[in-house]
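I opened my notebook beside the model today and jotted down what I looked up.

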Amino acid sequence: EEGLREGLRELGYVEGKSIVIEWRRSTGTHEQLQLLAADLIRSKVDLIVTAGAVAARAAMETTKTVPVLFHVGDPVARGFAASLARPGGNGTGVSVISAELIAKRLELLHVIAPKAKRIVYLRNPSNPNAQQLLDEVQKAGRTLGLRVEILDASNIPEIDAALNKLRRGTANGCLVGGDLLYLSERSRISRALREARLPAVFAYMEFHEDGALASYGPSLKATMHALATYVDKILKGAKPAELPIEQISKYQLVIDLRVARETGVTVPLELLLRADEVIR
């Protein structure tokens, strides 16, 4: 949310004066998110900004008139837009390619820990992209000669159970899915992986705030910052149906050498030289 706030400030908005933001936070079910969206619509908001495909779907199923701004993996495939150039409905925003990125993360994990042959993929099966992401991970695993084991967790109790299973298991590497639920619980996930001394690759650089070893993907702060421009245009009269969806194409590789030392991982020099940021 800081990225959105920062973007709006740069555009001249002052929260509480020239713009009022009604914040709603939830890692709940689709139905719970629909209730939050309905609550916002009843309060006569001018537009709704969502984070992730689950929230976007909940909002767009709740209203066909209030503009919805989203950042999702493939808005056209999800049915949120007719095309990237002309969305055609009440939703627009930014698109982040996710299927290709998750295969790249598995490749990076293999470079960081080449002897790790049993990889746990922690994922949220309720994510709309879950099957597509799983297909990509399994295909990449076969190519790399890795055994990929699936560990499902779609809420906080399931995350705790999955982390306990992970601590007791025999896997020697972990790929953490990019679900926003995992970002909200990044502290416990990162800590459990460090305690288990498991090399892991995460989806977003924001995971490094709580001790992630490596991440490859977009900056969520930058993504939300980009949505501020859409907020400004819609408040000035633009229609979401006519605002092209921006494709985020900047991805960053971040490696934390402090976590590497703590977990006994030797990161290859070639990877450090490729990294956009190395935390020492």
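My entries follow, on the cores, a helix pair and a loop residue.

**Ground rules.** I am working with a predicted model, where local features need pLDDT of at least 70, side-chain atom pairs count only at pLDDT 80 or more, and totals for chains, interfaces and linings use all residues. I number residues from 1 along each chain as its sequence is written, and side-chain values use heavy atoms, with hydrogens and water left out.

**Cores.** I looked for nonpolar cores, meaning sets of buried Ala, Val, Leu, Ile, Met, Phe, Trp, Tyr and Cys residues joined through side-chain atoms within 4.5 Å; buried is under 20% relative accessible area (1.4 Å probe, protein chains only). The largest has 50 residues, and Leu106, Tyr121, Leu175, Ile255 and Val267 have the most contacts inside it. Apart from it I found another core of 25 residues, including Cys174 and Phe202.

**Helix pair.** I used DSSP runs numbered from the N terminus, with at least four residues (H or I) for a helix and at least two (E) for a strand. Helix H2 (residues 30-42) packs with helix H3 (residues 53-62) at about 50 degrees, their axes 8 Å apart; axes are lines fitted to C-alpha atoms over the stretch in contact, and angles run from 0 to 180 degrees between N-to-C directions. Among the H2 residues that meet H3 are Leu33 and Ile41, contact being heavy atoms within 4.5 Å.

**Loop residue.** I found Leu146 between helix H5 (130-144) and strand E5 (147-152). Leu146 counts as buried because its relative accessibility is 11%. Beyond four places in sequence, its contacts include Leu106 and His110.
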